[in-house]
Amino acid sequence: MDKRADLTKDGIVFDAKPDAIPFNYRISYKISLLCMIIKVCCGRRGCSLIKMHILATAISDLEYKCKLEKYLNTHIASEFVVRFEPAVNRALEYALVDGFIVQQANGTYKLTDKGKELTRKILDDETIFIHEKSVLEGIHNDLTEEKIRAISERWKYQDVKN
């Protein structure tokens with residue numbers, strides 16, 4: 001018997017689909033995550049792209065989170081490396097187009113009213129994003145743009161020879 005015939009009912013065909021996308025690569029998850037990062041860990045001046053990458057990586061990688069916490073406690077920039085995740089950039093593009101986030105003249109990003117509403121709903125619901133909320137609340141405002149600049153300054157001079 002034809003397996004395909006077994007999966008057809010009233011003109012509806014059930015075909016095998018590619019593997020499911022893991023939650024942490026889904027655009028809706030990343031947009032929500034970026035909105036939470038801006039709300040919980042960034043001030044009114046906005047949030048830099050580098051800060052979003054650092055925090056998104058800290059949420060998805062426990063070892064990286066520990067390295068970030070060590071950097072925040074010791075302020076030794078030479079031992080901390082920023083990892084850039086393409087999914088964050090893609091989600092940021094969608095968040096901008098969908099009107100959740102806007103880019104300011106100084107290059108930082110902030111939430112729109114639509115983004116604030118989404119974030120409020122997420123933060124008010126105690127059953128979702130539990131891990132993410134915990135990490136962000138633990139870091140809160142400790143990762144300042146000044147500390148990020150210290151990391152960035154090191155890039156300019158790392159491995160430079162006279």
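Trainee: Which residues on the other side of H7 are exposed?
Mentor: This is a predicted model, and in it Ile130, Glu137 and Gly138 are exposed on that other side of H7. To be called exposed, a residue must have over 50% relative accessible area.

Trainee: Which residues of H7 are called buried?
Mentor: In helix H7, residues 130-139, they are Glu132, Lys133, Val135, Leu136 and Ile139. The term buried requires under 20% relative accessible area.

Trainee: How do you know that the buried residues of H7 line one face of the helix?
Mentor: Viewed down the axis of H7, they fall within an arc of 165°, and therefore they line one face. An α-helix has 3.6 residues a turn, so residues three or four places apart point the same way.

Trainee: What do the buried residues of H7 pack against?
Mentor: Their partners are H2, helix H3 (49-60), helix H4 (62-74) and helix H6 (113-124). Just after H7, His140 takes a positive phi of about 45°.

Trainee: Why is H2 called roughly perpendicular to H5?
Mentor: Helix H2 (residues 27-41) and helix H5 (residues 86-98) pack at an angle of about 80°, their axes being 9 Å apart. Angles of 65 to 115 degrees count as roughly perpendicular, so H2 is roughly perpendicular to H5.

Trainee: What makes up the contact of H2 with H5, by residue class?
Mentor: It divides into 9 nonpolar, no polar and 3 charged residues. H2 contributes Ile27, Lys30, Ile31 and Leu34, while the residues from H5 include Val88, Arg90, Leu92 and Asp98.

Trainee: Why are H2 and H6 described as roughly perpendicular?
Mentor: Their axes cross at roughly 90° and come within 9 Å. The range for the term is 65 to 115 degrees, and H2 and H6 are therefore roughly perpendicular to each other. Ser32, Cys35, Met36, Lys39 and Val40 of H2 meet Gly115, Leu118, Thr119, Ile122 and Leu123 of H6. By class, this contact has 6 nonpolar, 3 polar and 1 charged.

Trainee: Which residues touch the most other members of the largest nonpolar core?
Mentor: Of its 42 residues, these are Ile37, Ile54, Leu68 and Ile101. H2 gives the most to this core, with 10 residues.

Trainee: What is Leu68 in contact with, leaving aside its neighbours within four places in sequence?
Mentor: Leu68 is in contact with Ile54, Leu55, Ala58, Phe80, Ile139 and Leu143. The criterion for contact is heavy atoms within 4.5 Å.

Key
Residues are numbered from 1 along each chain as its sequence is written. This is a predicted model: local features need pLDDT of at least 70, side-chain atom pairs count only at pLDDT 80 or more; totals for chains, interfaces and linings use all residues. Side-chain values use heavy atoms; hydrogens and water are left out. Axes are lines fitted to C-alpha atoms, for helices over the stretch in contact, and angles run from 0 to 180 degrees between N-to-C directions. Helices (H or I, at least four residues) and strands (E, at least two) are DSSP runs, numbered from the N terminus. Angles under 35 degrees count as roughly parallel, over 145 as roughly antiparallel, 65 to 115 as roughly perpendicular and the rest as oblique. Ala, Val, Leu, Ile, Met, Phe, Trp, Tyr, Cys and Pro count as nonpolar, Asp, Glu, Lys and Arg as charged, and the others, Gly among them, as polar. Buried means under 20% relative accessible area, exposed over 50%, partly exposed in between (1.4 Å probe, protein chains only). The arc is that of the directions from the helix axis to the C-beta atoms. A nonpolar core is a set of buried Ala, Val, Leu, Ile, Met, Phe, Trp, Tyr and Cys residues joined through side-chain atoms within 4.5 Å.
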